[in-house]
Amino acid sequence: MPDAAYRFGEIEKKWRDYWARERLYEADDGDPRPKYYCLDMFPYPSGSGLHVGHWRSYVLPDAWSRYMLLKGYNVLHPMGWDAFGLPAENDAIKTGTHPEVNTRRNIANFKRQLVDMSPMYDWTREIDTTDPAYYRWTQWIFLQMFKKGLAYRQLMPINWCPSCKTGLANEEVVGGTCERCGATVTARDLKQWMLRITAYAERLLAGLDDLDWPEKVKTMQRNWIGRSEGARVRFTALDARGGEHPLEIFTTRADTLFGATYMVLAPEHPLVPVLTTPDRRTDVEAYAAAARAGAEHERTEATQKTGRFTGAFAVNPVNGEKIPIWVADYVLMGYGTGAIMAVPAHDVRDYDFATVFGLEIREVIAPAEGRTEIPWVGNGTMTASGAFTGMRSTDGRRAVARWLEERGVGRAEVQYRLRDWIFSRQRYWGEPIPIIHCPRCGEVPVPEAELPVRLPAVERYEPTGTGSSPLAAIEDWVRVPCPECGGSARRETDTMPQWAGSSWYFLRYTSPRSDDALLGPAGRAWLPVDMYVGGVEHAILHLLYARFFSLFLHDIGVIDFEEPFTRLFNQGMITRMASTGRVEKMSKSKGNTVNPDALVASHGCDSLRLYELFVGPPEMDAVWNDDGIDGVHRFLKRAWKWVLDSNGRWAEAPSPVVASQRHLLVKKVTERLEAFRLNTVVSAMMEFINAVHSIEERPDRETVETFIILISPFAPHFAEELWERTGHAPSVFRQGWPDWDDAHTVSETVTIPVQINGRMRGRLTVDAGTSEESVMEAVRRDPAICRHLDGKEPRKVVYVQDKILNLVVN
RNA sequence: GCUGGUGUGGCGGAACUGGCAUACGCGCCGGUCUCAAAAACCGGUUCUCGCAAGGGAUUGUGGGUUCGAUUCCCACCACCAGCACCA
C-alpha cells in the first residue's frame, strides 16, 4: 500500500536525482526535433545568495522551457555566471582573498540554491565569464574590433567614480551617480579605450522594428540612440584681430536660421580660447574651467542659465548678420558640434538664456492659428526669413538645408544621442585588454595564438586612483617584447567592463567547449535565442551592447543573423510591504528578503514554484505575501488526494461534465500559457480541482493523465511522482502536450442572464441554441422576471444566442 | 517637461472579440475535529438599506457612444518607472 500522504521532501529529492541520472535536461545537438532556445539572463553570483524575487525570474522561463519540451521541441535552456565585477574585487580588497577564490565559492553556493528550484538547465553547458577559456574569446572579439577600427584609444573627459576609482560608461551613470556604489560621478580626462558603437547607430535603431520585444524596451532603446534629422550649418566666427574661423553648428530647425540672435559654444569648445577677446579672457577662462570641473549632471541640473560673452561675433550665412558668440554650460561638447545657433523665439532653452542676459528675441515662425506663446517651439509659417518667408516650417527646413548645401555652407545631417562606449576600466577583476604598447610600433594587438591574456597574480587589489589599474604595478607582467619588432614594450593595463562578457555569452552556450572557434560547428543551429527572459533593468545597457556585438559578429561572418534575441520577456520584481506602508523592492540591502530555502523545507519546491507564478501577472511587480504559499500548497494536497483516491479504480469513461471540465482545462491552460498569463494558468487548475471535487465522482484515467501532464511544467516533482504512481514509467516529460476538442468545451444547456433596461433581473437555463421566441416564451412564464416588466411589452428585445437577453421597456 | 505603465472588495488579482463585474488565492467570520491550540476539512464573505423577501450603489474622476462599457472615444486626477538643457 503506497503512502497516501504528500511527502514533498522525499518526492522532490527522488526525482531530482532521477532526472540528473537520466540526463533528462541535456540538449542534444543532433536531435531531429525543431530547436528551441530559451535563455535566462545569467546572474552575477553574489555572496548573499538567492531570495524569492530571484526565484521568480527563473521559474517562469523554466516552466516555459518544460512546456516547449512537452510540445515536442528540442529545448536548450542553459545557465552560467557573469562573474567578473566589482563586489568580488571589493571583497578581495577588504579580506585579501583572491577574487577567483571568492567567485568560485559564490558560484557553488548560487548553484546549490538554483538546483533547489529544479530548473531544467543543461549544466553540461555551464559557462563562467572569468574562465580563461571563456574570456579568451571576449578578448578575441576585442581584437577583431580593433582590427576593424572599432576599438580605439582617445583622451576623453570621462565619467569618473571617485569611490570605485574607475571610469564609467555613460550607461553606468544614473542621475549623476555611479550605478554600482551611488557615489557622485565627476569629470576626469583620461586616455580611454572606446568602442565605436555609434557606427552601428542606424542599424541598432532599424533592427528594433521587427523584434518581438516589449514596446517599452524598444522605446527606451530608441530614445537612447536618439536619432534626429537636421542640418549642419557653417557660420564664420571672427576673432579680435579680424581672423576668420569656420564655426559649425547642428540644428534640427534650419527653418529658424533667420531668428538666430546669438551663438553659444560649449565651455570645452576648441574655439573658446581662440575667439575670446583679451578684455574678457580672464572671466571666460574662469567660467569655462569651472564648468569643465563640474560633472555633466551638475550642469544639467542647474535651474538658472549661466554663461559669458566671448567678445567675438559670427556671421550668419543666410543673411550676413553679425551676432555675438557666448559660452554657456547648457551647450554640451559631446553632442553635435558642441556649438549652437540660438533662436530664443523658438527654443525654450535659448529663450531662458536670452531672458537672463537681455539678448534679442526675434520671431521668424508664425505659430498655428490662435496661438501666441513665446517661445513658440512648434511648426508654423516662416516670417522675416528672406526668400523663405511664407513657407511652412516643415518644408522650410529642407529648403534651407538645400540652399546651404548649394552654397557650400551646410548640409542635411543626422545626429545621434548615442555616444561611443567607454570600454576601459582601471580595475583588476576584468578581462585584460589584449593590446601591447610599443614605443616604435604603437598599439599592437596581442597575436591571437597567445590568447587568452591571463590575469596575473597581484598582491594588492586596490585601484591606484591615479588612473591606472592594479595591473600597472606588476612590472614583470607589464613588460613584454613587442610582437611586431621584438623591442621592449608594455602591456595595456586597463581591463574590460563587466558588460563585455555578457555581450556575447548567449552564443557560447551553443558550443561551450569549442576550442578553435568562438562558435563551434554545432552551435549555429541553436541560434538565435528564441526567448530571452530577464528584468527590465537591462533594457538599455546589456541589451544594446549584446545587439551591437551581434551586429559586429554578423559582419565578420561569425554568426549568420543580426538580432540575437527574437523574443524578449521582462519579469516584474518581487516587492514587499514595508512598515511605512510603502511597497519596496525586495533586496538584501533593504533587509526585506524572504529566503526560499525555508519555504522549500516547509512547503516544498513545487509549492514555491507554483506560488511564484500565482503571485501576480508575470510582467508586473508583485507584492510578496507570506501566507500566499499556503493556498497553492493546499491546492496541491487536494489534487494529490483527488488523483490517488481513485487510483486504479478509474471510471470507465468520463461523465459529460467531467469530460467538458477536462477539455476546458486543456484549453485554458494552453491559451493562457501561450499568452504568458501564468498566474491565471494556476487559477485555472485550481478551478478544475474545485469543480471535479464538487462533482464527487471517480475520474477516468485519461482525465487524470491529462491533469498530471498539464501541471508538470509548474510542479515537476509532484507530476512525475503521480505519473509513476498511476502506473506509468517515467518520465512525464517525455509525453506530449494534450489537445482539446471545442465540441466538449461547450455544454448542452446554457444559463442566460436576463436584463431589463440593462439591469440583471434573473437567469434562464435553456438548451444551447435556443431561439429568441422560445426564450421570450420562458421569460413570460417566469414571474420573478415578469414583475420587473410592470406589465408592459418590451419596446426592444436584444437577444444574443447562448449569451444574454436584454429587454428594453419604457 | 517628454515617453511608457498602472488604477477593480480588507489584500494579491480575474473577466476571451462590448454581453452575468469581483473567478482563483490570501485574510476574516462561523462550523467540524480537539482537553486546548495548530494543522486539516466544510460553509460564508464587494459595499449599503432591510428581520426577511427584496432593493440600491459600485471597476480612479467627469462626460460620450451603445439595448448593454472594467473593455471603445474625449477630458481630467493620482501613483509608479525610464529619460531629461541632446540644439
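The largest cavity in this predicted model has a volume of about 30 Å³. Here a cavity is a set of points, on a 1 Å grid over the protein atoms alone, where a 1.4 Å probe fits but cannot get out; the volume is the space filled by probe spheres set on those points, joined across faces, edges and corners. Searching the whole structure turns up 1 cavity of 30 Å³ or more. Its lining (residues with an atom within 4 Å of a point) is made up of Arg56, Leu60, Gln571, Glu612, Leu613, Gly616 and Pro618. Two or more of these residues come from each of helix H2 (52-70) and helix H18 (605-614), helices being DSSP runs of H or I with at least four residues, numbered from the N terminus.

Sugar and phosphate make up 67% of the RNA strand B atoms that come within 4 Å of the protein.

Residues are numbered from 1 along each chain as its sequence is written, with chains lettered from A and ligands numbered from 1 in the order written. Local features need pLDDT of at least 70 and side-chain atom pairs 80 or more, whereas totals for chains, interfaces and linings use all residues; side-chain values use heavy atoms, leaving out hydrogens and water.

Key: 1 Å grid on protein atoms, 1.4 Å probe; cavity = no way out; pocket = protein on both sides within 12 Å on 5 of 7 lines; lining within 4 Å. Near = heavy atom within 4 Å.
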